[in-house]
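Have the viewer open while you read.

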Amino acid sequence: MNKQFLNLLSILMVIVLSFTVNAAQIPSNITPQQIEQFKRLPEAQQRALAQSMGIDFNMIQMQMGTGGFGQKAAGPADQEVYPRGTEFDEFGNPVMDFGLEQKEEEEEDDGKPKPFGYDIFANAPQTFAPIMDIAAPENYIVGPGDGISIQIFGKENDERDLYVSRQGQLVIPKLGAFQVSGLTFAEVKKVLTHEIKSKILGVDVVITLAELKSIRVFIAGDAYKPGPYYLSALSSITHALFAAGGINEIGSLRNIQLKRSGKLVSTLDLYDLLINGDSSKDAMLKSGDVVFVAPVGDRVTVDGEVKRPAIYELNGQETFASVVKMAGGLLPSAYPSSTVVERFNKNNLRTIVNVDLADKKQLEKPVVAGDVVQVMKTSAQFDQSVTIVGAVSRPGKYQWSSGQRVSDLLPNIHSYMLEDADLNYSIIVREKDIGRNIEVLQFGLFNAISNPLSNDNIELQAQDKILVFSMHEKQNPDVITLDSLAMSEEDYALAKKEQAKLDYEDRMFWLEFGEIEPEVTIDEVDETLKLAEKSMEELIGGKVDEENGINEIGLFSRQRMLAPVIKKLQNQAAAGQPIQLIEVVGAVKYPGIYPLAKNNRVTSLLFASGGLLESAYLHKAEITRNHVEGHKAKKISIDVNLQKALENTPADNLDSQNILLRSKDRLNVHVIPAWQENHIVELRGEFLFPGKYTIQRGETLSQLINRAGGYTDFAYVQGSVFSREKLKQLELQNLIKLSESLRMEIASKSLSTQKGMDYNLVNKLLADLTRVAPVGRLVIDLDNIESKEHDILLDNGDILYVPTLNNSVNVIGQVQVATSHLFNKDMNAYDYVTLSGGIRQQADIERLYVIKANGRVEIPEPNGWFASNESVKLSPGDTVVVPLDSEYMDSLKLWATGTQIIYQAAVAIAAIAGI
């Protein structure tokens, strides 16, 4: 037993070595008896034997299954074939470029129809070895190379795996040779069973087909890789095509011929298989067969609203009906009555033919080679529907029915409205004629839902659009007026940019002061934005502007949602058809332009603008109206008592103030005289009661100081700093203008002089100018503030800082060491410069000046700067400035101007450092 086991080990080693060296070649030192001895072992023993040698048992099974150990008596091993797209070298060997498949996948689809059916071969298997574990059919023709397994049990037990010889005989030991070639497998079983039972009594016989022979076929014509191939005996025409990598670009899918002994046996139309699933014409192959792929025939292109747009090959007289069937039929969105066919005429020029695919007679018309059938898409318009857009829970299109009203679509406020929905102002945009001209109807959702019998519960018509606005608005600070509707695209783009900047600054302001944003989950935000975007697309008929983004707060604002409505009303205005727009300005929440709805009155416009502000003057408002007399137009003014108008005075009352509005009416809601919001002024420093004070209109600085209790004993009034917010903005604008002016002057000088300029230094200085923080300081004489001549009116945001007594003098500029010194009444400006180490080489000693503690600048008289201490009398807190000599730098007056600005700003900032 040990000797037999060692013998099997040696057989196994030889098998594995032969597999790794050349699987297709039968080793000469392995006999069929040795292989049979190993194969007869149970699978468990085979696996244990392979494991003891460290050999992969699956590899041995694969080698045994493919006939690599000489199981066939005749016929070569099945060759390895490759899918289409595989590259070959000059000797015909495959070059496996794995990046090629990835490259093809990455190629972008150009959207044009592709030839139908060819992509089925794009992912053909890399090997086409015959599958050995399938059941052979009873009509299988047995031939040389087939392996037949015979099992005998009963009185005698035996098992034989035999092969049909080249002469077509099956030799059974002790029983003789039997001619089986050309017989079906069923006939072979019947013959062998009868012969064995007649010669060996008392036994039963089981005969199975152990292995299939290989057949040699030749693939010719327009196959992707034509040539001879060895295939399984159960292979059909389609197997042969896959083995050859498919059909090339000019090969026919509808004329694949099977030839045997020079005669046409069968013709395969792959369209029957691919479209109808009919494989009845997929004939089985025999050794020596030729599969011929003919060139492609006439083609027709089907594109548009079909299920399978592609280029189809014609086979005889195809009609439009058969072509549409090949394309999978029409999509539900197709409009078959207006199908367009591009066709070449007798002069070889392309013409257009209209075909009604809904007509049976026209469906039976034949197509012509080269036709391009374009099935059009039906209209995107909806019929018998209404659209809800805006601050609702479920925007979109809804079915319309006769007699339907607003409350039928939106029956409940809490379930159907967003929390920020405006319940006082909504509109219906309605098409009033076949020219798609629109009219606007205004209503209030609160009244429509709470009182279904009210006039606000408007009866709807098909194609109506209901616009529900949000109470959260983001209006431009400069409200668009009727006169500015003709704004150019450049001005509009500039206005959008300025608005984006203001929105950003506004948001940064609130974030800086700790505004807490509502906490919502990402899913809630995504869902809300999707509904919002879809809702807005319904209104504007396109994509929402991605530059502005989808801001939930501003998305359903009046300004955004009314924009397409206003544009439409503006475009449809013409002679005799006044523009249906009105305007409201003044003390209302949302001033601007609004559509003139049917029967719009003053109160309707007030509701549209969000209502009146607290500061609105109710006893008098003004309507400005265009009035035509004869051949001339003039403006007239109509006074309106808003309080009476809001009391809902009957419209037929001649004294009613709720006036019916007309085209281009402009309502101006006045502010209550002397009305003002809280204006805050801050007092800092040495006041008896410093802090923020609310001022009255017309209040002066001296009055506010008295309210604050006056100064403390340590106040240094001469060093006070008064800043104003409006002056900061003005200084910033002036700095920007100065920077641009200097930049142009630099460019001009660089062109007019040959001497180059240090642009790095120039740009640095200009950048420093623009980065200077504006102070907004206003020089005041606080000592004489009690007199009306020096007193000033206060404004919102003013700040007055009175520092503690500062007993020092500052020296800055072109000195050796810029520092501060204790004040000495006996010293002049030059003495302080000397204490700072003297001047630098580039200092302009003749233009020394002094910035007083209160911000005033004093310049010495010529030749009197150092002659007398009285020329410029210094005080505590003063600053001595030694400017730069611009000629020393050999540049523009830029340097003198720029350094003065920077020095003055630095001095001002240093003076108020304690604020």
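How many helices and strands are there in the protein?

1. **Overall make-up.** There are 24 helices and 36 strands in the protein. Keep in mind that this is a predicted model. The protein has 915 residues, and 39% of them count as buried. As for how the chain comes back on itself, take the contacts with a separation of 6 or more: residues 24 or more positions apart account for 64% of them.

2. **Confidence.** The average pLDDT for the protein is 77, and 70% of the residues score at least 70. Strand 12 (residues 290-295) is where confidence is highest, at 95, while helix 5 (residues 98-106) is where it is lowest, with a mean of 47. Over residues 98-103 the pLDDT stays under 50, and the model has three contacts beyond four places in sequence for that stretch. Residues 863-870 also have a pLDDT below 50, but here the model shows 13 contacts beyond near neighbours in sequence.

3. **Nonpolar cores.** The largest nonpolar core holds 67 residues. Which of its residues touch the most other members? They are Ile148, Ile150, Leu241, Ile247, Leu285, Val291 and Tyr312. There is also a second, separate core of 59 residues, with Val406, Ala448, Ile579 and Leu667 among them.

4. At the strand 9 end, strand 8 (residues 214-221) pairs with strand 9 in the antiparallel sense, over six bridges. If you want a place to look at that pairing, Arg216 stands opposite Tyr230 in strand 9.

5. **Sheet 14-13-17-15-16.** Another open sheet of five strands, again with mixed pairing, runs in the order 14-13-17-15-16. Its edge strands are strand 14 (310-313) and strand 16 (350-355), each pairing on one side only. Neighbouring strands here are turned by 20° against each other on average, direction ignored.

6. **Strand 17 and its two partners.** Strand 13 (residues 299-304) and strand 17 (residues 372-375) pair in the parallel sense over four bridges, whereas strand 15 (residues 339-344) pairs with strand 17 in the antiparallel sense over three bridges. Where does the bridge partner of Val302 sit in strand 17? That partner is Val373, and Val373 is also the bridge partner of Val341. Next along, Gln374 of strand 17 stands opposite Asp303.

7. **Asp798.** Is this residue, Asp798, buried or exposed? With a relative accessible area of 1%, Asp798 falls under the 20% cut-off and therefore counts as buried. Asp798 is placed in the loop between helix 22 (759-771) and strand 31 (799-802). A polar atom of the Asp798 side chain lies 2.7 Å from the backbone nitrogen of Asp795. Leaving aside neighbours within four places in sequence, the contacts of Asp798 are Ile680, Val681, Glu682, Phe722, Ser723, Arg724 and Leu793.

8. **Pro452.** Here is another loop residue to check. Pro452 is found in the loop between helix 13 (445-450) and strand 22 (465-470). Its relative accessible area is 43%, so Pro452 is classed as partly exposed. Not counting residues up to four places away in sequence, Pro452 touches Ser407, Asn447 and Asn457. Pro452 and Asp408 are 44 residues apart in sequence, and their C-alpha atoms are 9.4 Å apart in space.

Note on methods. Residues numbered from 1 in each chain as written. Predicted model: local features only at pLDDT ≥ 70, side-chain atom pairs only at ≥ 80, totals over all residues. Heavy atoms only, no water. Pairing = 2+ DSSP bridges. Helix = DSSP H or I, 4+ residues; strand = E, 2+ residues; numbered from the N terminus. Axes fitted to C-alpha atoms, helices over the stretch in contact; angles between N-to-C directions. Buried < 20%, exposed > 50% of the residue type's maximum accessible area, 1.4 Å probe, protein only. Polar contact = N/O pair within 3.5 Å; in protein donor to acceptor, adjacent residues only side chain to side chain. Contact = heavy atoms within 4.5 Å. pLDDT = per-residue confidence, 0-100. Core = buried A, V, L, I, M, F, W, Y, C linked by side-chain atoms within 4.5 Å.
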